[in-house]
Amino acid sequence: MVVRQRAVVATLPNLIRSLRKECPKPTNQAVLPSLRRAFSLYDQINLIDNVPEDQLRFQRYTDTGFTVNGVDYEGSLLCIGNLLMSWAPKKFSEITPDSLSIFQTVRTIPEILILGCGRYIEPVVPELRSFIRSTGMKLEVLDSRNAASTYNILNEEGRIVAAAFLPYGVSS
């Protein structure tokens, strides 16, 4: 056994030297990019630059309205894809199936409706929830600040999304 160990110890340095001689030295010492950086979500979704002009982007919210694509809007807003319109409800209790009846006529039906409740998240009455479900949409209820951010992300991903926003200053 001792003889075998001596043979291994004696040949190992020779083997390493011969491998180093055969292996070509790299001529270009370029640093490879980090895999974390190469596959980060930040590179795939850029929420700041290069937003197409026809795509809605909520940039700011106030107690009384929103800034969308550089234009200030007062009051509640309803968005379907990249279509923006004024919306009648001024407080959460005024949101009814009748106020969302446009979704009975619109085609292609959005996959999700984001409901921005104002400053605080409100519980949705079963009647309204079942109406939204009957249209084929899913419902996401958020405060208006987070609802606007969620809308921006989903819209930029190219998803068909709808949103109904009450101004951030609205509270029950």
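Mentor: Six aromatic pairs are counted here. The rule takes rings of Phe, Tyr and Trp (its six-membered ring) with centres within 6.5 Å; planes under 30 degrees apart are stacked, over 60 edge-to-face, the rest tilted. This is a predicted model: local features need pLDDT of at least 70, side-chain atom pairs pLDDT 80 or more, while totals for chains, interfaces and linings use all residues. Residues are numbered from 1 along each chain as its sequence is written, and side-chain values use heavy atoms, without hydrogens and water.

Trainee: Why is the pair of Phe 58 and Phe 66 called edge-to-face?

Mentor: The centres are 5.7 Å apart and the planes stand at 90 degrees. The limits are within 6.5 Å and over 60 degrees, so the label holds.

Trainee: What makes Phe 58 and Tyr 151 a link between distant parts of the chain?

Mentor: Phe 58 sits in strand β1 (58-61) and Tyr 151 in helix α5, 93 residues apart. Helices (H or I, at least four residues) and strands (E, at least two) are DSSP runs numbered from the N terminus. This pair is also edge-to-face, at 5.6 Å and 85 degrees. Phe 58, Phe 66, Tyr 151 and Phe 165 form one aromatic cluster.

Trainee: Why is Asn 69 called partly exposed?

Mentor: Its relative accessibility is 33%. That falls between the 20% and 50% limits, so partly exposed is the class. Asn 69 lies in the loop between β2 (65-68) and β3 (71-74). Its phi is near 50 degrees, a positive value in a residue other than glycine.

Trainee: How do you know that β4 and β8 pair?

Mentor: Pairing takes at least two bridges found by DSSP. β4 (77-80) and β8 (161-165) share four, in the antiparallel sense. Leu 78 stands opposite Ala 164 in β8.

Trainee: What makes β5 and β7 edge strands?

Mentor: The open sheet runs β5-β4-β8-β6-β7, with mixed pairing. β5 (83-86) and β7 (138-142) each have a single partner strand, so one side of each is left without a neighbour in the sheet.

Trainee: Why is the crossover from β6 to β7 called right-handed?

Mentor: β6 and β7 pair in the parallel sense over five bridges. The chain goes from β6 through helix α4 (126-135) to β7, and this β-α-β crossover is right-handed. With the strands pointing away from the viewer, the path from the first strand over the helix to the second therefore runs clockwise.

Key. Buried < 20%, exposed > 50% of the residue type's maximum accessible area, 1.4 Å probe, protein only.
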